[in-house]
Structure formats: C-alpha cells, structure tokens
Amino acid sequence: MLWGLCANDSRAAAALAVPFLIPIAADAHHPHRAAALAVLSGPARARHHGAASRDELLLHRNDPRRHAPDDYDGYGVEVTGYPAGWSVAAARAAITAGTPVLLPLLDDADPSIRRDAAYALATAADPDHTVRTALAIRFATEHDAMVRAALLLAAAETSRAHVQPPAVSWFRERWQDRTEAPEARLAAAIGWLCLTDEPSPEDLHRTIDTFATDERAHAMDALPWMYAAAGTGEPGLLRCVRRMLHPEESEPCDDPWASSP
C-alpha cells in the first residue's frame, strides 16, 4: 500500500508511517522488518522512478538549476493538492531522527537488510557526515558484492548535494580498482558520473562495457536504485548506462503494435 501511495504521487499519507516503520525495521524479531525497511524511505525520494540520467539519478528532487522551480522548491504538488516537498521533508526528517536506530542495520547478518539500510540512510540529512562515515567503515569490511555496490550508491547519494573533489576522486579509484567486485565497480562508475560533469574517460567506458552484461544488469535490479531506474523492460543498470553514456539514443518502445523503423 505504501509503495502504491508513493507511485501514485500521494506521499503525504505514506510519510506519516515512516516514524512507525523505523522501529519495526530495527526489530530483529519482527516478521515484517525487511518489508518495513524496504519501503520506509520511499516517501523521502521525489520523482526518482525512471530517473537514470547524470542530471537526475541520486537526487532527492529535481535540480532547480536545470528545471524551472515552482512555488514548492522544485518538488511540485501531489495529486491530492498537497505540496510534495512537505511530504519529502517530513519523511527525511523522520529518517534523520531515526539514524541512530538505522545505522546498526549496516552490520546486520542479512545482506538484504544491510543493502536496504544503506538505501534508507542515504536520505538522511548528514551535516556531521555521520552517515557517510558509517557507510565508509562498513564498506571497508563488507564482503558481499551487491551490498558493496549499495554502499557505494548510498555514499554517492549522500554526497550529491554538496560534492567535494575528494569524493569524486574516491569514486574514480573504486571503479578503476581491478580487485573490486564487478557490481561494485559498476556502482562506483554510476556514482562518479552523477558526482561530476567531467566527460567519461575511455577506461570507464571499458569497465562498463566489460561488466554491464544483461545477466548482471538483471541481478543488480535487486539494488533499489537500479530497480527504480528501470523502465520499458530495460534493467536499471543498462538504462543508466544508455542515458548517461549515450543520451542521444532514443527510448526503447514496448508497444507490440508499433511499426518497425
């Protein structure tokens, strides 16, 4: 139901549930903790479904530098008439307040919990870099390739609002690291593309061409960021690659009645 409310651009009601979902997600004995954790940050992200370009991915909202701002700081208005920015702010405030409860989930025994905890924590306000530090500490000891990818995407998302040159360099080192898991190298490449306007170098193209197979792209849809970026039968990773590295290409069409070119 909460996913449906967010998908239908009615976050105001879903945002009210966030403070109650956080303790459920943190309760190791609750039968629905994984489901609660998976949905609790949905209201904290506006207009992210289908976003796969360098300008849009990993942003909490439209960038007012590139999109015409409205009366609600670029968020727009929900279908109910409620300002979407208020819903997003309320959800993010609840997650920020719940950060001390969510941070231990980065060390949970279940990889899917660690992955979704990174996704939720990426929406918290982080003026003291508490979240970014925790993500980096967990990354240093994490062995699961998909969780490593999630930690990188979460770190990129928390860094996107105020990008610093050291962060850009760190992500470059991650996708250039030949000892790193392919999933993590791909996530680092996506993060780097979102954190800088620099032209994509040849070695980044080679890294993506080598590792971004159809099979791996479908597997990486387990990452919430990639699942949200997917569209028209195209896995999220491949859609990000196409939109970021080949923006001139047209969107694929899934209409079986459409005429062939």
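**Figure 1. Ile-95 is found in helix α5.** Helices (H or I, at least four residues) and strands (E, at least two) are DSSP runs, numbered from the N terminus. The view comes from a predicted model, in which local features need pLDDT of at least 70 and side-chain atom pairs count only at pLDDT 80 or more, while totals for chains, interfaces and linings use all residues. Residues are numbered from 1 along each chain as its sequence is written, and side-chain values use heavy atoms, with hydrogens and water left out. Ile-95 is buried, with a relative accessible area of 0%; buried means under 20% relative accessible area, exposed over 50%, and partly exposed in between (1.4 Å probe, protein chains only). Leaving out residues up to four places away in sequence, Ile-95 touches Val-18, Ile-22, Leu-40, Ser-41, Ala-44, Leu-102, Ala-120, Thr-123 and Ala-124. Contact here means heavy atoms within 4.5 Å.

**Figure 2. The whole chain contains 15 helices and zero strands.** The protein chain has 261 residues, and buried residues make up 51% of them. Of the contacts between residues at least 6 apart in sequence, 64% join residues at least 24 apart. The average pLDDT of the chain is 88, and 87% of the residues score at least 70. pLDDT is the predictor's confidence in each residue, from 0 to 100. Over residues 62-71 pLDDT stays under 50, and the model has ten contacts beyond four places in sequence for this stretch.

**Figure 3. Pro-23 lies in helix α3, which covers residues 18-26.** Pro-23 is partly exposed, its relative accessible area being 47%. Which distance separates the C-alpha atoms of Pro-23 and Gly-98? The separation is 8.5 Å, although the two residues are 75 residues apart along the chain.

**Figure 4. Two residues that are not glycine, Leu-58 and Thr-232, have a positive phi.** Most residues other than glycine have a negative phi. For Leu-58 the angle is about 70 degrees. Leu-58 is found in the loop between α4 (33-39) and α5 (84-97), and with a relative accessible area of 6% Leu-58 is buried. For Thr-232 the angle is about 55 degrees. Thr-232 sits in the loop between α14 (224-229) and α15 (236-245). Thr-232 is partly exposed, with a relative accessible area of 35%.

**Figure 5. The second largest pocket has a volume of about 320 Å³.** On a 1 Å grid over the protein atoms alone, a pocket is an open set of points with protein on both sides within 12 Å along at least five of seven lines, and lining residues have an atom within 4 Å of a point. Grid points are joined across faces, edges and corners, and a volume is the space filled by probe spheres set on the points. This pocket is lined by 16 residues, and Arg-132, Ala-155, Ser-159, Ala-167 and Trp-170 lie nearest its centre. Helices α8 (130-141), α9 (145-160) and α10 (165-176) each supply at least two lining residues. Which helix gives the most to the lining? It is α8, with five residues. The lining divides into ten nonpolar residues, five polar and one charged. Ala, Val, Leu, Ile, Met, Phe, Trp, Tyr, Cys and Pro count as nonpolar, Asp, Glu, Lys and Arg as charged, and the others, Gly among them, as polar.

**Figure 6. Ser-159, in helix α9, is one of the residues nearest the centre of the second largest pocket.** Is Ser-159 buried or exposed? Ser-159 is buried, with a relative accessible area of 7%. The side chain of Ser-159 reaches the backbone oxygen of Ala-155 at 2.7 Å. Such a polar contact is a pair of N or O atoms within 3.5 Å; within protein, one must be able to donate a hydrogen and the other to accept it, and residues adjacent in sequence count only if both atoms are side-chain atoms. Apart from neighbours within four places in sequence, Ser-159 is in contact with Arg-132 and Leu-195.

**Figure 7. Arg-148 is found in helix α9, and Gln-164 in the loop between α9 and α10.** Arg-148 counts as buried at 13% relative accessibility. The side chain of Arg-148 reaches the backbone oxygen of Glu-142 at 2.8 Å. Not counting residues up to four places away in sequence, Arg-148 touches Phe-139, Glu-142, Glu-180 and Ala-184. Gln-164, at 48% relative accessibility, counts as partly exposed. Gln-164 and Leu-195 are 31 residues apart in sequence, with a C-alpha to C-alpha distance of 8.8 Å.

Methods:
1 Å grid on protein atoms, 1.4 Å probe; cavity = no way out; pocket = protein on both sides within 12 Å on 5 of 7 lines; lining within 4 Å.
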